[in-house]
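Open the model in a viewer and keep the selection panel at hand. The stops below go from one element to the next.

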Amino acid sequence: MDFSNLKKLCELGGIAGRESAVRHEIARQLRPLAQDLRSDALGNLLAYLPGSTSQKIILCAHMDEVGLMIHYIAPGGFLYFVPVGGIDPRTLLAQRVTVHTAQGPLTGVIGTKPAHITQPKERTQAVPMEELFIDVGLPAEAVAQRVAVGDFVTLQRPFEPLGEGRLCAKALDDRVGCFCLLEVLRRVRKPKVGVHIVFSVQEEVGLRGAGVAAFGLEADVALAVDATGAADIPSCRPQEYLTRLGGGVAVSALDAATITPQWLLEELWALCRTRQIRSQLRIAPRGGNDAGALHRSKAGVPACALSVPVRNIHSNVEVADEQDIAATVDLLQAVLETGFQIKE
Ligand SMILES: [Zn+2]
């Protein structure tokens with residue numbers, strides 16, 4: 001599988017509510033693949049691919065990533081920020097970031113008080129986010145001319161292969177889902193089911209875009225394609241892993257926002273079995289994704305999340321496994337070619 005498009009998508013900057021660069025790129029790629037391309041008032045990108053039967057499904061991936069917004073420019077030109085989405089302050093210190101200004105991107109670094117003048121106790125604790133600042137290396141007057149309160153900030157990291165068959169990047173959550181959707185649309189040109197394609201906004205701040213997008217759609221099943229946390233690390237017990245890297249596509253039975261109907265779960269498992277697609281069950285008592293908004297749209301739509309496991313999720317060193325991504329695309333392909341036996 002060629003991951004160059006995933007690299008392109010991950011390296012774009014787009015926090016919740018500021019997804020336009022991602023939307024423009026996906027729209028460019030989607031135009032030859034589907035019909036009725038449009039965006040709505042919130043910025044969701046929608047399109048449709050007709051199927052050979054009357055069954056219709058929604059495939060949804062979110063375009064936004066976690067990030068920051070400048071809320072105060074201190075004397076000296078230091079930029080203070082608030083989080084947009086669930087970003088862990090422990091992961092921010094000493095990172096490179098991109099400040100997206102009206103005049104273009106600026107690289108900055110996140111600093112705090114030097115360790116030499118802190119108390120020993122302070123050094124054992126995470127620095128609170130309100131004590132971190134961005135330094136863009138410019139005099140205060142130049143900062144005042146180029147940076148505005150309200151500018152958004154993304155983590156900065158080149159997409160790179162890691163070890164064997166692993167990929168490391170920022171924003172794999174959820175550009176990897178966007179990549180899988182585009183990939184399956186390139187593969188399956190004449191699906192059995194009609195496909196409402198949704199690239200949603202503002203998932204990271206509470207599933208705000210997907211519900212609005214689905215409101216206008218008639219569908220029998222909805223699938224959210226997202227990244228999910230993999231905690232298969234030494235400091236966690238196996239029952240805390242949530243998902244494992246290399247374990248295949250994670251089919252969700254339950255998370256804090258959705259409980260997948262039993263019949264839908266069984267159909268997805270059956271597709272994995274017959275097509276020999278590596279898969280794992282995801283049960284996550286906390287956290288949710290766009291499936292949570294999709295299943296409550298209109299009079300209700302049976303929904304499930306299909307996820308790519310990602311270590312260090314919501315940081316700039318998110319790690320995914322190429323085989324898990326391939327398995328996710330394979331399962332989407334099976335769905336498009338087979339459809340569902342809808343049950344109650
Ligand atoms: Zn996500």
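In this predicted model, select L162 and R166: L162 stands opposite R166 in β11. The strands here are β10 and β11 (residues 166-169), which pair in the antiparallel sense over three bridges.

The strands form an open sheet of three in the order β10-β11-β17, with antiparallel pairing. β10 (160-162) and β17 (318-321) are the edge strands, each with a single partner, so one side of each has no neighbour in the sheet. On average, neighbouring strands of this sheet are turned by 35° against each other, direction ignored.

Next, show helix α4 (residues 172-187), which packs on the sheet and touches β11 and β17. The direction of α4 makes about 30° with that of β17. Within α4, go to D174. The peptide bond from D173 to D174 is cis, with omega near 5°.

Move to helix α5 (residues 208-215), where G209, A210, A213 and A214 are buried. Look down the axis of α5: the buried residues fall within an arc of 120°, so they line one face of the helix. Show what they pack against: β2 (45-49), β3 (56-62), β12 (194-200) and α7 (291-294).

Two loop residues remain on the tour. Select Q202 in the loop between β12 and α5; its phi is near 55°, a positive value in a residue other than glycine. Q202 is buried, with a relative accessible area of 17%.

Then select L242 in the loop between β13 (221-229) and β14 (249-254). Buried or partly exposed, which is L242? L242 is partly exposed, at a relative accessible area of 40%, and has a positive phi of about 65° although it is not a glycine.

Note on methods
Residues numbered from 1 in each chain as written. Predicted model: local features only at pLDDT ≥ 70, side-chain atom pairs only at ≥ 80, totals over all residues. Heavy atoms only, no water. Pairing = 2+ DSSP bridges. Helix = DSSP H or I, 4+ residues; strand = E, 2+ residues; numbered from the N terminus. Axes fitted to C-alpha atoms, helices over the stretch in contact; angles between N-to-C directions. Contact = heavy atoms within 4.5 Å. Buried < 20%, exposed > 50% of the residue type's maximum accessible area, 1.4 Å probe, protein only. Arc of directions from axis to C-beta.
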